[in-house]
Amino acid sequence: MTAPTARRAGLCAGRVVAVTGAGRGLGRAHALAFAAEGARVVVNDLGVGPGGDGGSAGPAREVVDEIVAAGGEAVVHGGDIATAKGAASLVSTAVETFGRLDTLVNNAGFLRDRMLVNLDEDDWDAVMRVHLRGHFLPLKHAAAHWRAEAKAGRPPAARVINTSSGAGLLGSVGQGNYAAAKAGIVALTLVAAAELGRYGVHVNALAPAARTRMTERTFAETMAAPGEGKFDAMAPGNVSPLVVWLGSAASEGVTGRVFEAEAGRITVMEGWRPGPTDDRGARRSPAEAGETVRRLLADAEDPGRVYGAS
């Protein structure tokens, strides 16, 4: 990091933001967008391959260099945020370098796609680790920091944006591990929003659709770049404005929500809620239970198509 520059005006001026998985794709776009709005950014990335292999500090360093070249402030964090030590150091890096932490964007992840009958335990565990544990641990350590701040009489206007997926909301064939992890992130978001509100922490989740190393292989045709001069609907930067707003103090009062962002569209996702119901006030036989279910399903909304289902 170079010597501090003059603070720039913007929606996030004065705020310090940590973004995990910020070396490429969506994370990179988020980090650059926050910096453009005046935030100082902790750029976390291990520089691993699409399946979690290898590692390099290069991608994170390149993002930091780009931010600094544009007049912003940023620092590299190369810790593994799916470990307690790495997650704790993410928070301490922000505080020790910039004096505070205001926003956490949990974004790191990779894919190991297999149909369920071919899905190895190691591939299940690896994806759960980076996505679900990699959300839980940074959230835990950031929340502990903000709770301490609140108890010391310095209530924060803290923000957490977690990264789910359409796969976690609707399911996706060949992605049982990824979809389960992303669904878990939604549940974690709801719990965290309920628990941390008293400390001034807002927690929301985002299900983005954009071209990244993960999606351009799985959904190659959908994610293809358009011809010259046409709107690039799948560019990662299309998602970042919502993330920046959610990570700013301007999002006061918005918490415990799940959003879908794709191209120029923002959608408030509405999850599980009671639908048609029937209470007869007595036990049913199995056949009667089946008859009731059939009748209720006839009045229920279609839950939506699972991605990749035939």
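This is a predicted model: local features need pLDDT of at least 70, side-chain atom pairs count only at pLDDT 80 or more; totals for chains, interfaces and linings use all residues.
How many residues has helix α3, and what does it reach from its first C-alpha to its last? Residues are numbered from 1 along each chain as its sequence is written, and side-chain values use heavy atoms, with hydrogens and water left out.

**View 1. Helix α3 spans residues 84-98.** Helix α3 has 15 residues and reaches 21 Å from its first C-alpha to its last, close to the 21 Å expected at 1.5 Å a residue (1.5 Å times one less than the number of residues). Helices are DSSP runs of H or I with at least four residues, and strands are runs of E with at least two, numbered from the N terminus. Just after α3, G99 takes a positive phi of about 90°.

**View 2. Buried residues of α3 pack against strands and a helix.** G86, A87, L90, V91, T93, A94 and F98 of α3 are buried (under 20% relative accessible area, 1.4 Å probe, protein chains only). The partners of the buried residues are β1 (16-19), β2 (40-44), β3 (74-77), β4 (103-106) and α4 (121-151).

**View 3. H77 is found in strand β3.** The relative accessible area of H77 is 4%, so H77 is buried. Leaving aside neighbours within four places in sequence, H77 is in contact (heavy atoms within 4.5 Å) with V42, V43, N44, D45, G86, S89, L90 and T93. A polar atom of the H77 side chain lies 3.3 Å from the backbone nitrogen of G79.

Definitions and conventions:
Buried means under 20% relative accessible area, exposed over 50%, partly exposed in between (1.4 Å probe, protein chains only). A polar contact is a pair of N or O atoms within 3.5 Å; within protein, one must be able to donate a hydrogen and the other to accept it, and residues adjacent in sequence count only if both atoms are side-chain atoms.
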